[in-house]
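Hi there,

Here is the structure I promised to pass on to you. Please open it next to this email, and my notes on what turned up follow below.

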Amino acid sequence: MKKRSRFERGEPKPLWWQERDEQIVVAIYEHGVLSTQQIAELFFGGSLSAASKRLRKLYDAQMLQRAFRPKGIGAPEALYLVERTPEAVQRVAEGLGLNEETVRRKWFPMKMLTDHFLEVTAFRVQIEKACQRNDVLLELWEDERECTEKYQSNGQQTKVFAPDAYFRLFRDGKLWAYYLEWDRGTEALGRIRQKAESYAEYWQGGFYTQRYGLKGFRVLWVTTSGERMAMLQETTKDVEGAPPFWWATREQVQGCRDLLTEPIWMVQGTRRDLLS
């Protein structure tokens, strides 16, 4: 008997729909894309075997679609997206309490499936796991499509405010708000300076308060190395009216066991954790 390929759908079989299936499909829709490992950590207690078996059934049932990212060694990593079938759209709409047309309009565009987006998504999953561990509510997460905004600078020139993500945490009556800048070391320092100035203008001009009804936020800058971080800090240190900039390297973030409580972030010469 020929072994079926992991790259091809098998013959569709009757699927006994489980509550966790809806949670998985909705989570993938909200994130845009999730890997087998991330799904295993969020829904299967870390069991790759259990996750792979269930994801295969959802894939064969045309609820999910696959993409693959080479990892350099061994088999390529499977990435899952929601398949745009009527049943999948209906399940997502029911799970989120939205109408189906709204779900279709917000569908994840394949052009966003980049290494940059996948790294930001991995950061989000780390935040979600830390929230579960520390009884913290991830009250809001907006990816780059949702938090980008056009605004009028000095009432005349139209500018685009475009962070990589925006999210808020809530616990015991306290709210923390963050923007995320995920620097892969490819942007010129002049562009980094412009981003810092944009944060200052967006904050001081009241545009943030107009949109969210809140007064302040922090900006998390994650970059490639300590040397690169030092250059970015030097480039942005004298931006007038800027909000607090928090700094960490990608290695520090990805090697962190708890992103909320470990003091990996450098803020004005001191180490702090996100909930401080």
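An open sheet is built from 3 strands in the order 1-3-2, with antiparallel pairing. Here two strands pair if DSSP finds at least two bridges between them, and both strands (E, at least two residues) and helices (H or I, at least four residues) are DSSP runs, numbered from the N terminus. Strand 1 and strand 2 (64–69) are at the edges with a single partner strand each, so one side of each has no neighbour in the sheet. Strand 2 and strand 3 run antiparallel and are joined by 6 bridges; Ala67 stands opposite Leu79 of strand 3. Helix 3 packs on this sheet, where it touches strand 2 and strand 3, and its direction makes about 120° with that of strand 2.

Before going further, a word on the source: this is a predicted model, in which local features need pLDDT of at least 70 and side-chain atom pairs count only at pLDDT 80 or more, while totals for chains, interfaces and linings use all residues. Residues are numbered from 1 along each chain as its sequence is written, and side-chain values use heavy atoms, with hydrogens and water left out.

Helix 2 is mostly covered, with 6 of its 8 residues buried (buried means under 20% relative accessible area, exposed over 50%, partly exposed in between, with a 1.4 Å probe and protein chains only). The buried ones are Thr36, Gln38, Ile39, Ala40, Leu42 and Phe43. What covers them? The cover includes helix 1, strand 1 (34–35), helix 3, strand 3 and helix 6.

Helix 2 and helix 6 (residues 115–134) pack at an angle of about 10°, and their axes are 11 Å apart. Axes are lines fitted to C-alpha atoms, for helices over the stretch in contact, and angles run from 0 to 180 degrees between N-to-C directions. That angle makes helix 2 roughly parallel to helix 6 (angles under 35 degrees count as roughly parallel, over 145 as roughly antiparallel, 65 to 115 as roughly perpendicular and the rest as oblique). Gln38, Glu41 and Leu42 of helix 2 meet Thr121, Ala122, Val125, Glu128, Lys129 and Gln132 of helix 6 in this contact, where contact means heavy atoms within 4.5 Å. After helix 2 comes Gly45, with a positive phi near 60°.

**The cores**

The largest nonpolar core has 28 residues, and Ile24, Ile28, Ile39, Leu64, Tyr80 and Val82 touch the most other members. A nonpolar core is a set of buried Ala, Val, Leu, Ile, Met, Phe, Trp, Tyr and Cys residues joined through side-chain atoms within 4.5 Å. Two or more residues each come from helix 1 (19–31), helix 2 (36–43), helix 3 (48–60), strand 3 (77–82) and helix 4 (86–96), and helix 1 gives the largest share, 5 residues. A second, separate core of 27 residues includes Trp141, Tyr178, Trp246 and Trp265.

**Two more places to look**

Strand 10 (residues 245–249) has 5 of its 5 residues buried: Phe245, Trp247 and Thr249 on one side, and Trp246 and Ala248 on the other. Strand 10 pairs with strand 9 (residues 218–223) in the parallel sense over 5 bridges, and Trp246 is the bridge partner of Leu220.

Glu22 sits in helix 1 and, at 25% relative accessibility, counts as partly exposed. Beyond its neighbours within four places in sequence, Glu22 is in contact with Trp17, Arg91, Glu94 and Gly95. Glu22 and Glu94 are 72 residues apart in sequence but 9.0 Å apart in space, C-alpha to C-alpha.

Best wishes
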